[in-house]
Amino acid sequence: MYDLSGIKAGMKVLGADGAPVGTVASVDGDRIRLEAVDIGSHAGHKHYIPGGIVAILEGDTVRLSATGANAVLLDEETDGSPAD
């Protein structure tokens with residue numbers, strides 16, 4: 001797994017295809033918490049993506065090894081259950 005210690009709040013998260021996934025709120029253990037999206041049923045929910053799909057850090061951007069569409073399928077709620 002990639003060393004997540006360099007990931008900071010406010011960094012953009014992009015899929016391997018350049019598609020935006022979200023913005024880092026924090027790193028919690030081996031997961032990245034994304035800033036909350038206040039849209040529909042996801043309003044106010046904390047969403048996480050696994051740190052294991054981080055490929056590289058480029059400046060203020062976290063690039064994932066998964067495409068944006070696949071990364072969204074891997075996002076989780078606080079308790080680890082699927083977000084979708």
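## Order of elements

Read along its sequence, the chain follows the pattern β-β-β-β-β-β-α, so that one helix accompanies six strands. The model described here is a predicted one. Of the 84 residues in the chain, 33% count as buried, and the accessible surface comes to about 4600 Å², with 54% of that area belonging to carbon and sulfur atoms. Among the contacts in the chain with a separation of 6 or more, 48% are accounted for by residues 24 or more positions apart.

## Two hairpins

Strand 1 (residues 12-14) pairs with strand 2 (residues 20-28) in the antiparallel sense, over three bridges. These two strands form a hairpin with five residues between them, and Gly18, which lies in the turn, has a positive phi of about 85°.

Strand 2 also runs antiparallel to strand 3 (residues 31-34), to which four bridges join it, and Val24 stands opposite Leu34 of strand 3. In this second hairpin two residues lie between the strands, and the turn residue Gly29 has a positive phi of about 65°.

## The nonpolar core

The largest nonpolar core has 15 residues, and those with the most contacts inside this core are Ile7, Val13, Val24, Ile32, Val54, Val62 and Leu64. The elements that give two or more residues to the core are strand 2, strand 3 and strand 6 (61-64).

Ile32 illustrates how residues from separate parts of the sequence meet: leaving aside residues up to four places away in sequence, Ile32 touches Ile7, Val24, Ser26, His47, Tyr48, Ile49, Val54 and Val62. Several of these partners, including Ile7, Val24, Val54 and Val62, are themselves listed with Ile32 among the core residues with the most contacts.

His47, one of the residues touched by Ile32, has its place in strand 4 (residues 47-50). With a relative accessibility of 10%, His47 falls under the 20% limit and therefore counts as buried. The side chain of His47 is joined to that of Asp75 by a polar contact of 2.9 Å.

Val27, by contrast, is placed in strand 2, and because its relative accessibility is 28%, between the limits of 20% and 50%, Val27 counts as partly exposed. Beyond residues up to four places away in sequence, Val27 touches Leu4 and Ile7, the latter being one of the core residues with the most contacts. Val27 and Ser5 are 22 residues apart in sequence, while their C-alpha atoms are 8.1 Å apart in space.

How values were computed. Residues are numbered from 1 along each chain as its sequence is written. This is a predicted model: local features need pLDDT of at least 70, side-chain atom pairs count only at pLDDT 80 or more; totals for chains, interfaces and linings use all residues. Side-chain values use heavy atoms; hydrogens and water are left out. Buried means under 20% relative accessible area, exposed over 50%, partly exposed in between (1.4 Å probe, protein chains only). Contact means heavy atoms within 4.5 Å. Accessible areas come from the Shrake-Rupley method with a 1.4 Å probe; for residues, only the protein chains shown count as cover. Two strands pair if DSSP finds at least two bridges between them. A nonpolar core is a set of buried Ala, Val, Leu, Ile, Met, Phe, Trp, Tyr and Cys residues joined through side-chain atoms within 4.5 Å. A polar contact is a pair of N or O atoms within 3.5 Å; within protein, one must be able to donate a hydrogen and the other to accept it, and residues adjacent in sequence count only if both atoms are side-chain atoms.
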